[in-house]
Amino acid sequence: MNGEERRPAGNEPDQGFSLRDRILGDKLTIRRKLMAIMLVTSTLTVFIASSAFIAFSWFARRQALERDLASLAPAIGNTCEVALQFGIPDDAERILATVEARPAIVLACIYDADGQLFAAHDPESRAAIALPLEAGPDVDVHDHVNGVLRLTHPVHLKTRRIGTVYLEADMREIRAALGRDSLILGGVALLALVGSYLLSSRFQGLISGPILGLAATAQTISEVEDHSIRAEMTAGGEMATLVQAFNGMLDAIEVRDSALVAGEKRYQTLFDTAEVSLWEQDISEVRQTMQELSAQGVSDLRRYLEEHPEFVARAAGQVRVVDVNSATVQLFDGASKDDLLGSLDSLFIPESLPVIREKLIAIAVGRRSFAAEAVHQTLTGRRIVALLSMALPREDETQHAIVSMMDITERKATEEELDRHRNHLTELVEKRTVELRKMVNLMAGREVRMAELKEVTKKLRAQLEEAGMTPVADDPLRVSIEPS
Amino acid sequence: MGFSSVVKKSARGLGRVGVLLTLACVAFASAGITPGTADGAGLRVRDVEIKAAYLYNFLLFAEWPEGARAGESARGFGPYAASGVHRVVSEQAGSQTVIGIVGEDPFGDSFAEVEGKYDEALGSKLVIVRFGSYREGMTLTRCHLLFVTASERRNLPSILRAVEGRPVLTVGEAAGFLEKGGMINLLVKRQKLRWEINYAAANEARIQLNSQLLRNAVRVIENGEG
């Protein structure tokens, strides 16, 4: 499994070129990534701040306009009391004309107590004869209709309502002000971004410099495979910590590398000089073959392998010999290691198949070890019997299995000779046993006949006695006839 | 159509006397007044009613010194109490505001609807006192507002002298009324009833006139100079 396969799915490069990919992907150098991050952050910050300011400005200006109208209306109403009471619209119009100082106000009217237009400052000729928005009995009422703020204020003299002030203001002035604000903010934002670009291009080196130095050091170490090289300390703070950690990691790697080399050397020495036959075999291909077989739905492997010897032979041929020691070369009558590296096909004979099947099953089911008495032939065709012991790797490990073989050919021959003698003895014992059994049977027959004879004798004696003849004691057939 | 009936019609049944009078005032003043009646002679009934409404409105836009009417409300036309400044239109229940008319009464029953009744805007009962033609010894100082009709032109100096220095708002309708010491003079200008003010006289009587009255006056005499 290589690095690409271990990469999480979410980090796999795709064909799209999103902002995230552009910034965080592999397409940009760290310098450009840092600058991009700073610029994007600055832009976003400026945009959010500007938007918030514009929104706040809009609401603040609108509220200010509402407050302005709300404070202006009572002032107009108080000043027009006499005009309303004495019916002097000219005076009211003069007072209303003072709203010209406020460009946002497009209509200022006074309606009498009946809600009829009394006086107006109406440059756009939009005044209605009747009060368009009824005021509350004692409070102002305002609303927004089609971008126009309308406000009515009841005018009271003592406790009596004598009229209503009605004002309309549109948002043109506010929109124009917001447009000016937006232009100013845009200019400021542009300047801020230019400044941010200049500063980020200068200050990104504080971070990217040490990182690039580390990267260059790592690249050099990788190329020359010299773990004695160390990164230079060019910055303080976290970067210094990073460099220290990197160098510390190199120290650890160097120590482990040395230990690994020593271990490898020790292992190779043990491997090469061992009296027992040792093999290093690559089983990745055969393990994959067995997994494919399981994937095809073969559940009874043993039976399948027994029924398909050609599969066993093909799978056995997929085991690749990576290394052997001198004891192995000697055991298999080879001239050198090279004679045994590669395929094992030439070492197998039909007698080897049962063990090969078991070995394949062990690989398929994921066993960690396997041992059996294996029968092979040497490169010279000599049949040998070996006690095979195999250490199998896990699936996530390097697919190299260590196999040891102990030649037990002579021992097996001795055992077979002993078996032959034992079998011969067994046959002799069995023969003698039969004969003995016959003798016993014969003896047993005599005793039976003796018992029968005694019985007959007994009966004869009884008949003789009945007949008045007394048999001689020692010889039942002899009788003495006693005179009666 | 009399003042009261017109008031009723204009007020649309709002019910309160003061309101009726005020609304009627606005309606008629806006409609204009019959020309050629500056001296008060030959006024049409409607013009008289407007003039009556003006007198009522002057009460709303003037302030009298405190204590000038103290103790009066319960006793009607009692003697004035000690000086001081207070709003004559007392908030006390049972108080009264007095309009005095000297000379031939031109108003007929224009005040009939409101006379002797409590007025919410004034905060007191409105009393109309018709003195008739002026005679020496008449007690005019009990009034808040004294209207001197055009028929009393000859007695004008005596009348004004009788209330001189006292907090009585004098309103007239004769030429030269202000010059003789009167405070507000009604006149017709451009077919509308307007007024002119002798601010110095009002000030001397410690009566404060609303600035809007001054602003809308045809003429204002300050410091005794017209």
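Student: Which residues of α8(A) are buried?
Tutor: In this model, which is predicted, the buried residues of α8(A) are A:V286, A:R287, A:T289, A:M290 and A:L293.

Student: And where do they fall, seen down the axis of α8(A)?
Tutor: They fall within an arc of 160° in that view, so the buried residues line one face of α8(A). An α-helix has 3.6 residues a turn, so residues three or four places apart point the same way.

Student: What covers the buried residues of α8(A)?
Tutor: The cover includes α9 (301-307), α10 (309-317) and α12 (353-365), which also belong to chain A.

Student: How many residues does α8(A) have, and what does it reach from its first C-alpha to its last?
Tutor: Helix α8(A) has twelve residues, 284-295, and it reaches 16 Å, close to the 16 Å expected at 1.5 Å a residue. Just after the helix, A:G297 takes a positive phi of about 100°.

Student: Switching to strands, how many residues of β5(A) are buried?
Tutor: Ten of the eleven residues in β5(A), which covers 160-170, are buried, so the strand is largely enclosed by the rest of the structure.

Student: Which way does β5(A) pair with β4(A), parallel or antiparallel?
Tutor: The two pair in the antiparallel sense over ten bridges, with A:H153 having A:V165 as its bridge partner in β5(A). Their hairpin has two residues between the strands, and in it A:K158 takes a positive phi near 60°.

Student: What about β1(A) and β5(A)?
Tutor: Strand β1(A), residues 105-112, and β5(A) pair in the antiparallel sense over seven bridges, and the partner of A:D112 in β5(A) is A:G163.

Definitions and conventions
Residues are numbered from 1 along each chain as its sequence is written. Chains are lettered from A and ligands numbered from 1 in the order in which they are written. This is a predicted model: local features need pLDDT of at least 70, side-chain atom pairs count only at pLDDT 80 or more; totals for chains, interfaces and linings use all residues. Side-chain values use heavy atoms; hydrogens and water are left out. Helices (H or I, at least four residues) and strands (E, at least two) are DSSP runs, numbered from the N terminus. The expected span of a helix is 1.5 Å times one less than its number of residues. Buried means under 20% relative accessible area, exposed over 50%, partly exposed in between (1.4 Å probe, protein chains only). The arc is that of the directions from the helix axis to the C-beta atoms. Contact means heavy atoms within 4.5 Å. Two strands pair if DSSP finds at least two bridges between them.
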